[in-house]
Amino acid sequence: MTLHRRRVKQTRSLDERMAEQAAKLKDRADQLPAGAERESLLKRAMVAETGAHLVDWIQSPGLQPPK
């Protein structure tokens, strides 16, 4: 018996999904009082934003392949 990997067709780009995730995490963090859980959510949001910016940078037309 072989297992088949479930394939999902993404309808939105990676940077859009990461930006949305960052916004959701920031909203959740804003509802919490200062503390470790809030800081954890803000850190995760920052990582998601950084990932979205990296995707934009990688896909930019100014990026040249190494020679």
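Student: What does E49 count as at 29% relative accessibility?

Tutor: E49 counts as partly exposed at that value. Buried means under 20% relative accessible area and exposed means over 50%, with partly exposed in between (1.4 Å probe, protein chains only). Before we go on, this is a predicted model: local features need pLDDT of at least 70, side-chain atom pairs count only at pLDDT 80 or more, and totals for chains, interfaces and linings use all residues. Residues are numbered from 1 along each chain as its sequence is written, and side-chain values use heavy atoms, leaving out hydrogens and water.

Student: OK! Which residue forms a salt bridge with E49?

Tutor: Look for a side-chain nitrogen of Lys or Arg within 4 Å of a carboxyl oxygen of Asp or Glu. Here the partner of E49 is K26, with the closest N and O atoms 2.5 Å apart. E49 sits in helix α2 and K26 in helix α1, so this pair ties together parts 23 residues apart in sequence. Helices are DSSP runs (H or I, at least four residues), numbered from the N terminus. K26 is partly exposed too, at 34%.

Student: How many salt bridges does a search of the whole structure find?

Tutor: It finds 3. R12 pairs with E20, their closest N and O atoms being 2.1 Å apart, and K24 also meets E20, at 3.2 Å from N to O. K24 and E20 are 4 residues apart in helix α1, so about one helical turn separates them. K24 is partly exposed, with 48% relative accessibility. Shared partners join R12, E20 and K24 into one network.

Student: Which residues make up the largest nonpolar core?

Tutor: A core is a set of buried Ala, Val, Leu, Ile, Met, Phe, Trp, Tyr and Cys residues joined through side-chain atoms within 4.5 Å. In this model the largest one has 6 residues: A22, L25, A29, L41, A45 and A48. The elements giving two or more residues to this core are α1 (14-30) and α2 (36-58).

Student: What is A45 in contact with, leaving aside neighbours within four places in sequence?

Tutor: Contact means heavy atoms within 4.5 Å. For A45, those partners are A22, L25 and K26.

Student: And which residues of α2 are buried?

Tutor: They are L41, A45, A48, G51, A52 and V55, and the buried residues of α2 pack against α1. By contrast, L54, placed in α2, is partly exposed, with a relative accessible area of 45%.
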